[in-house]
Structures are given as structure tokens and as C-alpha cells.
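This briefing summarises selected structural features of a protein model. Please consult the sequence and the coordinates shown below alongside the text.

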Amino acid sequence: MATDIKPAPAAPPAETPGPEEKQFEVVRLDPADLERDPFNARTEGTAPDDRLINSVKALGVEDAISVRPLPGGKYGVFKGWRRAQAAQIANETAEAEGRPRQTVKVVIRTDLTGRDAWTRFLSLVENDHRSQMEAPDAIRAAELSLVGMNDIERSQAKRALGLKGNAVKSARRAAKLSDAELRKASAEGMDLEQLADLSEVEGVPGALDKLSRAKAADDEEGQGKRGHWDHAMAQLRHRLADSEAKQKAVTALREAGVPLLPGYTYGSDGPRPLSDLTAELHDPLTEDRHKSCPGHSAKLSEEYQPVWYCSAPKRYGHNIVPSAQEPKNKLSPEESAARRRRIARNKAWGAAQEVRRAEIAKLCRARSLDDKARKFTLVCLMNTGSAHTRFAHSAMDSTATELVAGFLGVDDPNADTAAAIRRSGGPFDELVSQTAKAKEWHLLFAQVAAAMEYAIRERNAWQNISSEEGRWLLLLEELGYTLSEVEAEAVARHRPAAPDAGDKAA
């Protein structure tokens, strides 16, 4: 492989040797001149991972690689082959990514020429004595290092670690994980940002296992996407919010001295919600009016709001309204299971909505808009009776502009009601006038996206996705969005059938 950075073999640039490098030649070589030594003891797990490649791209190879001369002018690497490969990969993409090509520092062991057994032994000792830094130490070191850097150093370190966003914030959040969770998560190969995410939901039972499965699914799909991870995090955040809301409601009831009732129990004088009861003179029984009753109690709704009850209405002189006289039938096991599935899917649909809309925002703000997105936009705008038409006629102005503005990353023009009333033109007149021609399609796509999202905004929308709504979700999938489990289930009947073997042959 020809290159313009290979040093002249007769006079390689010298390096100051470290203690382990004394009496051996230390030079810088083109990574293309390196190959794995046939007697390198390590035969498995030799490919560099993304973290190592990102580090080498940003910082180069810091420690010298040990090589010996091979026939044909190449050098065999018996210590540091993963780093050597990372440098080769970095150089392959250097021009496209606007980086300079690299050389690597090597220790040339001419004394090992012809000494294959001793070369294998030295390689074995290198790998056998290697010990990874403990995960808690690594995270704390990352936190302290990032905090102490200037902006230029921090930017370079972020590239080396493959991080985006606020690296210091990620390191601080990751450092809050327990040592046990840090070790388990690090063993799963989670990066600093993923560890920071885990720290946010560490208290949710099964969080680490769920995120590990999501990471494995993303890794299996490749392409560096994190769709499964994002969906898992959204679901875990919802579960955490539910848990916190429940605990807050339970604490409030306990502090108010209101007993929390168990599940539905109907008997001759079982608990009844106040909506089923009236006072002695058949007046409505409100919470304030019932507080003094010894049977004043509560249950929690699915949203963890208190539903007020009387634990023994007959005993305490309340009347049951005629429409509630008949005892409620207990759900069958099948009905109970169906109810649990419905509740779980409602929650999963709400969690997926957050991830989906974040992906839509990326599409609306991208440099260019995919042709498939343009075609879908045209179809929606041209066809009467579409979700966009219904959206334009039925959605409140504030809802419409909030969704569109959110996708485009601009302020909602109707957020200030008074200013919106005083405005003479349309809410997006100024935005349209300032938008470059190349970005005009993005505005139209954002409008259609808002219409489609408005159509499937309800938590139970998964139960009856229309063909147009199904095409919308399948379009997002084509454009790189990872459907969640409940989304994939909802669009299954709208997914085009795969051609059978006969069709393919034809």
C-alpha cells in the first residue's frame, strides 16, 4: 500500500525510549506496514471495537507497539495488534473525515528474528498480565479528567470516547451508579452515555437487563443506531415516573390519614366509590362532605390519582344510587389478562411517542429530505379526507402550531395567546419568508408529520391504526426509525406482504 508518510527505512525518526524499550530501536511507521505476527499468542477477540477506533482517530496510538521484522519488508505485531488495526482503520477514513493520516510508534525487536517460540511467549506474557481498570475507577477518572480540561481538550476527549452532548454531565451521572451495577453494565460494553442513562433509571427493577437486551438488539442490527435503546429508556422513564407518582400519592394519603383500599371487593357492605353513593337525604356525596365519615378511604386510579371511597356505606348510612345497585361482576381470568395487556400497550404507546417524535424532529431539521418523505407529503396534501385535511379542520390552532414548531425546532408562534390575537398574518408567515428554497420541503413535511402524529396521539391509538397511519409508521421505519414492539404490532396488518419464492423467481 503506497503512502506518502512512510519514513525512510535507512534513517527512521528516533523516539526517546521508555524503560521497557531500552536497547531496542523505536521508530514511527505507517500502520499499513504492520501485520499480525504469525506467533502472536492472541487469536480470539483481536478486532478493535468502536471505542478503541474512536480513541485512535482522536488521539492516535499513545503506547508503542512491539514488532519484529518479517520477510518481504513488513513488520509482525506480537504486542498491540488491536491498536495497530485501529490505526489502519483510522487512516482508511482519514481523508473522508478531514483528518491527517497517522503513523504509529513501534519498538522493533530485531533480536526476535527467527525466535518464534520466544516471540509467542512474550506475546503470552503481555496478554496474561494485562488487567483492565475497574469500572468504578474508570468512570470516576473520566469524570475528574473531563472536569479539569479546557474546551479544546474536552472536545478531543469526547471524540476519543465517542461521546455526544455534555460529556461532563454524562460522566457525573454515570458516577452515581453503584459499583456493582457499574461492573455489570461495563461488562455488557455500555459506553459512558449509556451508563449515564442507566444511572437515571437504576431504581427501576430489571432496568439493567432491559437495557442490555436493547443494546444487544441495536448491536445486532449494526449501523450504529440506538433505536431499541431509546425505546427501552423511554419505557423505563415512564415506569420510574409511575413509581414516583404512586409513591407520592400513597404518601399524601398516609399523611392525610386516609386508608388506601386494596383491589375491588364487593359484598353485602363492601367499599363503594363516592360516585355510587348519596348522603342520607340523597344529596351527592363529595369528598369534602365525606371526610368526616369513619369509612372515608381511597383507591388509586391508573394515573395514580385518588378515587374516594366509603369502606362500609350501609353501616355509615349512605344510599347506593339506583344505577349502581347491581353488584359488579368480577372479571374472568381471561378478561383480567386482556385488561393488563391493554394497559401495558397503552403505556408502551405513550413511551414510544416520545422517541418517535424525537426522530421526526431530526428528519425535519436534516440537511436534506429523503425522496420517500417528499412523496408521502405530496400524497397527504393532494388527497382529500387524509389525516392532514382532518387535522387542518379539527385541530386547535395551539395544538397544530405546537407540533409543527416542535418538529422544526422553532418557537411556537401561538404560545403567546395575546400576541397571536394581535398578529395580522398567519402563524408561520415569518418562518416561511425566512426559509431557504432548499428547506421548503422540510416545512411541508413537518406539517404532514404533525397531522399524522395528531391522528395517533391517544394512548390507545395502537388498537385501530388506519392504513394511512400505518403507512406513516412504515415510512418512518424506512427512513431509519426503529419501531417499538407495540408500534410493530400495530402496523403488522398494513405491512406489504413479502413476495414468495415463486414471485422472486419470476
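Is strand β5 (residues 104-108) largely enclosed by the rest of the structure or left open, and why? In this predicted model, five of the five residues of β5 are buried, so the strand is largely enclosed by the rest of the structure.

**Overall composition**

- The protein has 506 residues, and 39% of them count as buried.
- Its secondary structure consists of 21 helices and ten strands.
- Among contacts with a separation of 6 or more, 69% are made by residues 24 or more positions apart.
- The accessible surface amounts to about 29200 Å², and carbon and sulfur atoms contribute 51% of that area.

- Strand β1 (residues 25-29) runs antiparallel to β5 and is joined to it by five bridges.
- Within that pairing, Glu25 has Ile108 of β5 as its bridge partner.
- Strand β3 (residues 65-69) runs parallel to β5, with three bridges between the two.
- Here Ile65 has Val106 of β5 as its bridge partner.

**Glu469 in helix α19**

- Glu469 lies in helix α19, which covers residues 467-478.
- The relative accessible area of Glu469 is 9%, which is under the 20% limit, so this residue counts as buried.
- Leaving aside residues up to four places away in sequence, Glu469 touches Arg390, Met452, Ala455, Ile456 and Asn464.

**Helices α12 and α18**

- The axes of helix α12 (residues 333-365) and helix α18 (residues 440-455) come within 10 Å of each other and cross at roughly 165°.
- Angles over 145 degrees count as roughly antiparallel, and α12 and α18 are therefore roughly antiparallel to each other.
- The crossing of these two helices, α12 and α18, is right-handed.
- On the α12 side, the residues that meet α18 are Gln353, Arg356, Arg357, Ile360, Leu363 and Cys364.

Key
Residues are numbered from 1 along each chain as its sequence is written. This is a predicted model: local features need pLDDT of at least 70, side-chain atom pairs count only at pLDDT 80 or more; totals for chains, interfaces and linings use all residues. Side-chain values use heavy atoms; hydrogens and water are left out. Buried means under 20% relative accessible area, exposed over 50%, partly exposed in between (1.4 Å probe, protein chains only). Helices (H or I, at least four residues) and strands (E, at least two) are DSSP runs, numbered from the N terminus. Two strands pair if DSSP finds at least two bridges between them. Contact means heavy atoms within 4.5 Å. Accessible areas come from the Shrake-Rupley method with a 1.4 Å probe; for residues, only the protein chains shown count as cover. Axes are lines fitted to C-alpha atoms, for helices over the stretch in contact, and angles run from 0 to 180 degrees between N-to-C directions. Angles under 35 degrees count as roughly parallel, over 145 as roughly antiparallel, 65 to 115 as roughly perpendicular and the rest as oblique. A crossing is left-handed if the near helix is turned anticlockwise from the far one by less than a right angle, and right-handed if clockwise.
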